[in-house]
Amino acid sequence: KGAQVQKYYTTLKPSQGVIEYVHYDDYVGHISSPKSRHHRNERIVMQGITGVNEKNRLKVAVAIENEFCGHSTNYIVLNEEFIEHKFILIGLLNSSLYNWAFKITSTNSNVNSYEIESMPFSLDFNYVNLIDKVAEILSLKKENPKADTSILENEIDQVVYQLYGLTEEEIAIVENS
């Protein structure tokens, strides 16, 4: 459920509602649409509904194989060509800049996939620092979801600001909004 998706990790216990399960054999045996097979892939998952005034509107993590997503989530299925870029997308979408851009362009509480698709993404950049930092956050959050990763998140923000060539004044606007 969307309530289980946080920045960089998913929780076992939702902040609201109860965990629901799918009877796998019944589901696979009766549903045959292309979307019904998405559970077979690792995906980038995000909350589908967030508060308009929340600091972080975009809360993005990884949904592993055979993990089903409820209606209150949205996700991105990456084909094999782009699976290696999942850490880049997770880092970008969880960054302060992308959250700021999303907040100023989205006027409702839904996080729609078309809004995410319309955001600028560039893969023509040396993302080694970003990938390493995201991988470290994911590892820390897997061990302890409450781990303080704010230093790494701030470092990711700096990489993203550099990627888009933001000035100190522009960075201040993003960080103080």
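Start by selecting strand 2 (9-10), strand 3 (43-47), strand 4 (60-63), strand 5 (73-77), helix 2 (86-94) and helix 5 (128-143): each of them gives at least two residues to the lining of the largest pocket. Helices (H or I, at least four residues) and strands (E, at least two) are DSSP runs, numbered from the N terminus. This is a predicted model, where local features need pLDDT of at least 70 and side-chain atom pairs count only at pLDDT 80 or more, while totals for chains, interfaces and linings use all residues. Residues are numbered from 1 along each chain as its sequence is written, and side-chain values use heavy atoms, leaving out hydrogens and water.

Next, highlight helix 5, which supplies the largest share of that lining, four residues. On a 1 Å grid over the protein atoms alone, a pocket is an open set of points where a 1.4 Å probe fits, with protein on both sides within 12 Å along at least five of seven lines; lining residues have an atom within 4 Å of a point.

Now pick Lys-1, Ala-63, Glu-67, Phe-68 and Cys-69, which lie nearest the centre of the largest pocket among its 43 lining residues. The space here is about 1,500 Å³, a volume filled by probe spheres set on the grid points, which are joined across faces, edges and corners.

Select Lys-55, Asn-56, Ser-96, Asp-157 and Val-174, the closest to its centre of the 20 residues that line it. Then show helix 3 (96-105), helix 6 (150-163) and helix 7 (168-176), the elements giving two or more residues to this lining. Finish on helix 6, whose six residues are the largest share.
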